[in-house]
Amino acid sequence: MEKRKINIVDTTLRDGSHAVSHSFTIDQVTEVAEGLDKVGVSLIELSHGDGIAGSSVNYGFSKTNELELINAASKVVKNAKLTVLLIPGIGTIEDLQEAKENGAQAVRVATHVTEADIAIQHIKYAKSIGMMAVGFLMMAHMASPEKIVEQAKIFMDCGADYINLADSAGHMLPDDVRARVSALKNALDIPIGFHSHNNLGLSVANSIAAVEEGATYVDATCRGLGAGAGNTQNEVLCAVLNRLGYDTGVNLYGIMDVAEKIVEPIMQRPQVINTASLMLGYAGVYSSFLLHTYRAAEKFHLNPRDILVELGSRGMVGGQEDMIIDVAYELAQKTKQ
């Protein structure tokens, strides 16, 4: 029986940007992108952690202009599709055009799981200029399978090539993933992808659950480099998928070497599930909030767990990082009373 193909989407140079405070250099990006391309990764995602144009006071400034990074990567990526993330309200159609002019071939347009309609113009524009376009639904634990299908159809109807479901907080359990991916698989005529964070230690298990329910695109990063406790670890995922009999198209020894010899030396700290990361997953808080929360806790002399619990209780979502300071300030005032 022919092995089912699973497309590996490596986001080391995008989600991993969160974990290094957006400090990637041209030399680092070139070496990582070339390594990933040579070992057979299908899509290589590169941009600020919060997408193109994310470099700002709210989300953290990039050390190197992302258009320069995209341009540099485009010169060494020969087989994979060089991909960017765009969050409407952060990135614009003009930013997308500039990314394409610098070598981007695909865009994943990311919205909160209930707000797909704000991405319609971006997906249509991407398709009009010859780019692969993906609808990316963040914080998927915050909506029912039925609601997710409704939102995914908005993406599908405006021309998305596939739908990517994101467990942005690392909050879901395997059965949560199965329910959502199977609902999409049964309702849509286009492929399904899955993006996981490891805040509860379940990213590989959740990714496998997604694949078993029909997902054919899976996000991962070398050494798990990413926001919070990191993403699904690419070299581990490929090893598990190989053992299960799937075809990733990725050279297993090669991806191990990229992770160990190229990515690991760039990392500022190991990706571990520390208390704060665990709290992100437990409370269902967006994973990119982690470093911002640590800084706010230090500034206001608070326990970061208290900030994360409060963010989770308020239902904060990606794009609301500026609220972390407000929440920390309010908690600090309460402790003085």
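A search of the whole structure finds zero disulfides, a disulfide being a pair of cysteine sulfur atoms within 2.5 Å. This is a predicted model, in which local features need pLDDT of at least 70 and side-chain atom pairs count only at pLDDT 80 or more, whereas totals for chains, interfaces and linings use all residues. Residues are numbered from 1 along each chain as its sequence is written, and side-chain values use heavy atoms, with hydrogens and water left out.

Cys-238 is accordingly in no disulfide. Cys-222 is buried, with a relative accessible area of 0%; buried here means under 20% relative accessible area, exposed over 50%, and partly exposed in between, with a 1.4 Å probe and protein chains only. Cys-238 also counts as buried, at 0% relative accessibility.

Cys-238 is also one of the residues touched by Leu-252, together with Glu-235, Ala-239 and Asn-242, not counting residues up to four places away in sequence; contact means heavy atoms within 4.5 Å. Leu-252 lies in helix 10, residues 252-263. Helices (H or I, at least four residues) and strands (E, at least two) are DSSP runs, numbered from the N terminus. The C-alpha atom of Leu-252 is separated by 9.5 Å from that of Gly-40, although the two residues are 212 apart along the chain.

The nonpolar cores come next. A nonpolar core is a set of buried Ala, Val, Leu, Ile, Met, Phe, Trp, Tyr and Cys residues joined through side-chain atoms within 4.5 Å. The largest has 80 residues, of which Val-107, Leu-137 and Ile-163 touch the most other members. Helix 10 gives the most to this core, with six residues. Val-107 touches residues including Thr-83, Val-84, Leu-86, Met-131 and Val-134, not counting residues up to four places away in sequence.

Rolling a probe the size of a water molecule over the atoms shows where empty space is left. On a 1 Å grid over the protein atoms alone, a cavity is a set of points where a 1.4 Å probe fits but cannot get out, and a pocket is an open set with protein on both sides within 12 Å along at least five of seven lines; lining residues have an atom within 4 Å of a point. Grid points are joined across faces, edges and corners, and a volume is the space filled by probe spheres set on the points.

The largest pocket has a volume of about 310 Å³. It is lined by 23 residues, the closest to its centre being His-18, Ala-19, Arg-269, Leu-290 and Leu-291. Helix 1 (16-19) and helix 12 (289-300) each supply at least two lining residues, and helix 12 gives the most, with five.

The structure also holds two cavities of 30 Å³ or more.
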